[in-house]
Structure formats: structure tokens, C-alpha cells
There are 2 protein chains.
Amino acid sequence: MQNFIFENPTRILFGQGTIARIGQETKRFGEKVLLVYGKGSIKRNGIYEQVLASLKEAGMDILELGGVKSNPVLSLALKGIEIAKKQNVELVLAVGGGSVIDTAKTIAAGVKADHDVWDFFTREKSIQDALPVLTVLTISASASEMNAAAVITREEEAKKYSSRSPFLQPKTSVLDPTVLYSLTPAYTAYSAVDAITHALEGYFNNAEFEDSTLQDRIVEGLIKTIMENTEIVLKNPKDYNGRANIMWAVTLAFNGLTTAGMGAVSFPAHMISHALSALCDTPHGAALSIVLPGWMTHTLAHDPRKYARLAREVFSVRENDDGKAAAEGVRMLKSWFASIGAPTSFRQGGIPETDIDRLAGNAFGLAQTWGLKDYTKDVISSILNLCK
Amino acid sequence: MQNFIFENPTRILFGQGTIARIGQETKRFGEKVLLVYGKGSIKRNGIYEQVLASLKEAGMDILELGGVKSNPVLSLALKGIEIAKKQNVELVLAVGGGSVIDTAKTIAAGVKADHDVWDFFTREKSIQDALPVLTVLTISASASEMNAAAVITREEEAKKYSSRSPFLQPKTSVLDPTVLYSLTPAYTAYSAVDAITHALEGYFNNAEFEDSTLQDRIVEGLIKTIMENTEIVLKNPKDYNGRANIMWAVTLAFNGLTTAGMGAVSFPAHMISHALSALCDTPHGAALSIVLPGWMTHTLAHDPRKYARLAREVFSVRENDDGKAAAEGVRMLKSWFASIGAPTSFRQGGIPETDIDRLAGNAFGLAQTWGLKDYTKDVISSILNLCK
């Protein structure tokens, strides 16, 4: 076990009917709220009305910023910062998935900064303050509802970069599993892929460190739960317990619990997948299902033991040789991704193989920002070649 | 999954060398600190000096209250409240295990109350404010370092009662696994028993509710980790990873994680064991290792399915019949308790069988306070008869 600091003060209101309580939660932090949301699906499925009713009942003064798209862009966040500054907004409420929450976090930090908010993402500056952020989660995947991270894309440079600060940690997040009933099969699959990748990047980060059975067991339990329940809700989208198990497991997969004690965790598969999203606008989960198996194949060659453990514990592989078991585990994970309809190749993701050089260059830029020195452009190219 | 609120803002500083940071942590909450500790073991193993050095370096003004014993008593907490009020103490620092932390919490709440602090334990009043509590953990067992509960005994009535409030949640807890090196084999065993019981009372609370595989897997992972590592440290008390795995697993076993989504969890085995502690001064962990197997035998008769799951997942029982598997699981748990030196009968705990009626009466008083209507004095007597 490595030394660690664990601190996660987000209050989670979980369950059917909890959206009605968001007004009272926001009221603790002020009266003027900026409501951030996406392309309008919340207006079609009734969530927008539920949120608005609760905010109004609590006497909140509401401003709105809609239009957040997946792979959220800096330009919209800048618009939000302008509105919030001009109108003296006191808190930001994200109603959406990771893209909406990360836009809200970027706005919250930007309002308190006297410089370009992008400086927080290039890591030139660190966040010193932010408006309170609250969330009503509508897509489970990023765990942004219970962590201190935000990811945003600067379109003109096609850079999808991340920032992290305790000030970005949501104060309250409302998780009502029934909002996931209307999630498409594709996004249900992408959510599972994203959460599994979060859990696995921590798990494999420690591939050479053998004493993390506590964290390993939690990760294995989360992955099994996500897999079982994704299969259930793909058959029956309104299975409450299926959606609830996924929703809570996905949050726990990236709220600091699984990585506490695992050392400095890096996220190379996420890093490479960000290039696919930045350059080809591949949805985040789809980019991950293409990249993760290739990245695993590349890294297990160095030391297959942890990969063999995954194969045995999660996929019930009964092979004694670690190398063979590890490879079989990757094959089974990839085949499970395919079974839930997530793309597992460039071809399936509609990405031309000729893009590999450009993608590697983009990911290499991020590797430098994140300080992942092992990830040269050549290494990234090799990995991408395993993802074709 | 049942609806739930999860909120656990305690900051955990975990690992070797972290005690040196307690001074800076306390400083965030004031300058005048009441340092609460036990019978002086911290003076023998050097922890007291480390804490004092860090507090002094941070410029803290230090008052002391030592002498907390296991099954901590109200009278000492009242003394602490008096000192803290008179001296305008701004925060309370517990350096010890659950007994010391719970005394510190009682003092912290009592300072802000204009009535008898015991009213919080009889549930006549609810806590509305408290001084900030911080902890340096020296015995892993109660998880009080990361939860909102406190248990205290009013000696003259022999009542061991509990209270719970977000105001009691520690602000920061320092968990340095090396402090456990000097823990005796008996207390190492009691710690394991206490944590396993915490995890299992939540697990069995939901015996009829089949959709808690996420929480069940976490509990099973924690228990396996605690068992494996207890065996390791009983052989080699200075095994760092063994102590570290136990320390973090024990905290996670009762910080709200395993019970989130499990409904209103009650703690009947704890309740009955409190009577043994209150009347016979049995150490908490020893009382639990006597009571838990008997309580399980009593309750599994109603529905053995969850008990059978435990037997199969944790004890690798390969029996298809749920009733038989469940009974075998209890037998194996009891035998594991015995193997680590924890008492598993009245005789081993030095409690006369003739005390059963008196013990049942005491536990029944607590059952009424806690609202556990199924636990009549007769039911409790039957359970105690299974623990002889």
C-alpha cells in the first residue's frame, strides 16, 4: 500500500425521486444559479421540468446555458464564464453527463480566475477558487459527479485536456437511476466501457506492485457488477436495480476509492483515446473500447501477472500460464465490448488507419503535458497499430 | 438498491510518516486543542511525542486529557467537557482507538450543548453543533475515525449507548499503519472481529433483498482482506503491508460505503455485545466474537440464502443446500475467530452463564432505545443461549 490522501466530500443523494431535492441543495450556496445542460434531451425526457420545478420551489434565480455537446468545447465554457461574471452567478448546476459537468466545472473555475481558464488545463496555473458546482446526473460514465477532475477540448487546437482541483469537487450530486431509462443502447455501452477503463487504469497502474488485493477486489467487484447489469439493462432498459447498480458502481469506479493506496495513477489509455475524440470526434466511450484492448496487449508484454489476475477473477479464465491467461483476458474483454455494441477497431469506429500518425502526434502532446515519459510518439503509434 | 444519502467528508492522511502532519491539520480549526488519549501506551510507543512535536511546530496551544479506557465512560467525557468549556478549547484531537475517538466526539458535542450530553445518547436530543474533531488512529477497529458515530458507557446505569451526527464526523484522520506494530495479538484479533462484524451486520441486514451484489462484493473483499492480513500480522506484527491493508479495510468496513443502498441497517449483534461490555467489561471485539456466531445461527434459520452466499464466497464452501452451506459458514467463521485467539463462548470470555438473564435485560433496554422491535428479552435470551 502506498501513502495516500483520501478526501471526497461530495454529498450523494441517490435513488428514485431525489431530483425534487436539488432546489434545497442549491439554496445552501446562494440564490443565483447557472443551469448548464446539453443538446436538449433533458427537455424531452422531463428531467429539465423536474429540476426547474425544484429550483423554483426553493426560490432560486435561474440563468441557463444549454448546448453542451459530447467532447465538450472550451468556447461554450467561455460563454458560460462571461454570463456568470456579468450576472454575478453564485453557483453552477450541471444537469447532464460528464460533458455537461466538466463544462460547469470549467465555468466555475473560470469565473474566479483573472486569466484564460485554459491555463488550468495546460497546467500552467493551478485552480485557487471556484464557484460551488452541483450536479443532477443524467449519463453515468465519467464519475465527474463525485471527483475533482474536468476534461475540455480547445477546438482550434484539437486539444482535449484535463484539470483537477478540490475546488472542482461537486458539493452535491443527485443520482436518480430512472433518468438512465432513456439512455440509448450505444451510450449505455459507452458508459460501461468508460467506467471499466477508469477502474482498470488504476488496477494496471500497479501491475508490478503485488500488495493491492484490497483495491483489486473492489475493482473486480465493480467490473463484474457493471458487466452483469449492463447486460441486464441492454435487454430491459427500465430495470431499476440494473440501472442503479451501474450508476453507483460507475461513480465508485473513479471517485478516488479504487486508486487510494495505488501510487500515482496515470491514465495512458484515456490519454490515447482523447486523441481520437479530439481529432475524429469519436465519443469518449467508443474511443476507449477501441484503445483499451490494444493498450492492454502492449503493456501486458512487460509483466502479465496483473492481467492474468483480471482474466482469472473477472473472466474465470482457468489457464495457469500468466502470459496466456493475460492474453485470453484481453480477448474476452474485447469480445465483451463487441457483445454490448461498442466498437473495438478503427474500422468499426469509422477512423481511417491513415490517421494513426496524426493521432499519435496529438496523444504525444498530451503525454508531455501529463508527464508520461514512457509514451513517446513511437510507442503511441505501436499501440494504435494494435487497435486497428 | 435502496435510496440513500452518502456523505463522508473526512480527510484521510494514510501511510508511514503522516503523523508529522497533524499539527498543520489542527491549525486549520483553531489554536487551542484538547488532546485526548488513553491509558498511556502512546507515551511508551513514541506516538505521543510525535504528535506533540507536530502540534508544537504548528504553534498549537495544547491541553490534555488522558485516561480513556476501553468501553469509555461518560464521567471522563464530562471532565473533558468541563475543561474544554472553561479553557475555551477550539478543537479536540483524539490520539487512540475507537474509545478515545468516541470520548473526543462526546466532548466535542457536549461543549456546544446547554444540557446533559447523555441526552444525545438516549436520543432525547439531537446534536446541533460540535467542536471540530481530528484523530490520530492507534487501534484500527471501530472506524470511528471516518464515521459520524460515538459510543459511550454511563457507568452508574451500566448503559453502553451510541449517538450519531454529521457534526461528529472527524475533519481529518491520520492513519499510519506503523502505529499498529505494537498492538497485542489479542487486540489485533479483536480489531478484525469488530470490522468483520461491522461489515456483516450491513450484509445480513439485507438478507431478503437479493439485489445488493455490488455492496456484497465489497464486503466480501474487505473480509477476505482482513482475514488474510490478520493471519500475516499475527505471525509478523511488523509486516507493513499487512497492517496497512487491515487499517484501510477496517475503516472502509464502517464508513458508510458498505451500507449505502442497503436500507436502514440495524446492528443487533453489536447491541447484544454492548450488554457484555457494559455488565462484564468484556472488550468490545471479544464480546462480538462471542455473540456474532450465535446471532448468525439464530437469524439464518429465517432465511439462509445470504449466509450461504457468505459461506461460498468467503469460506469457499462447496455445498449446494443453502441451509447446510449457511451453517457451515458460521462454523468456519467461529473457528477462524478461535484460530486468531478471540473468545467464542461465555466460558472463554469469563462470563458466567447465570448472567444471561441480566445481559438480556440490559440488551433489551438498548433494543428499545434503538427501536429494534423484533428483539424482545426472550429473543435476546435465546440468542445468548446460542453463545454459551
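Mentor: A rotation of 180 degrees, with 0.0 Å of shift along its axis, superposes chain B on chain A at an RMSD of 0.0 Å. That is the relation of a two-fold axis. Keep in mind that this is a predicted model.

Trainee: Which residue of chain B comes closest to the rotation axis?
Mentor: Pro9(B) does, with its C-alpha at 1.9 Å from the axis. The same surface serves both copies, as 100% of the contact residues of chain B recur in chain A.

Trainee: How many residues does the contact take from each chain?
Mentor: The contact takes 28 residues from chain B and 28 residues from chain A. On the side of chain B that touches chain A, strand S1 (4-14), helix H7 (213-235) and helix H8 (240-252) of chain B each supply at least two residues. S1(B) gives the most to that side, with 9 residues. By class, the side of chain B that touches chain A has 13 nonpolar, 10 polar and 5 charged residues.

Trainee: In what sense do strand S1 of chain A and S1(B) pair?
Mentor: They pair in the antiparallel sense, over 7 bridges. As for individual positions, Ile5(A) stands opposite Leu13(B) in S1(B).

Trainee: Is Val193(A) buried or exposed, and why?
Mentor: A residue is buried if 20 or more other C-beta atoms lie within 10 Å of its own. Val193(A) counts as buried because it has 30 C-beta neighbours inside 10 Å. Val193(A) lies in helix H6 (residues 185-205) of chain A.

Trainee: What does Val193(A) touch, not counting residues up to four places away in sequence?
Mentor: Val193(A) touches Gly285(A), Leu288(A), Ser289(A), Phe337(A) and Ala342(A). For a separation along the chain, take Val193(A) and Ala360(A), which are 167 residues apart, with their C-alpha atoms separated by 22 Å.

Definitions and conventions
Residues numbered from 1 in each chain as written. Chains lettered and ligands numbered in written order. Predicted model: local features only at pLDDT ≥ 70, side-chain atom pairs only at ≥ 80, totals over all residues. Least-squares fit on C-alpha atoms with pLDDT ≥ 70 in both. Contact = placed C-beta atoms within 7 Å. Helix = DSSP H or I, 4+ residues; strand = E, 2+ residues; numbered from the N terminus. Nonpolar A, V, L, I, M, F, W, Y, C, P; charged D, E, K, R; others polar. Pairing = 2+ DSSP bridges. Buried ≥ 20, exposed ≤ 12 C-beta atoms within 10 Å, placed from the backbone.
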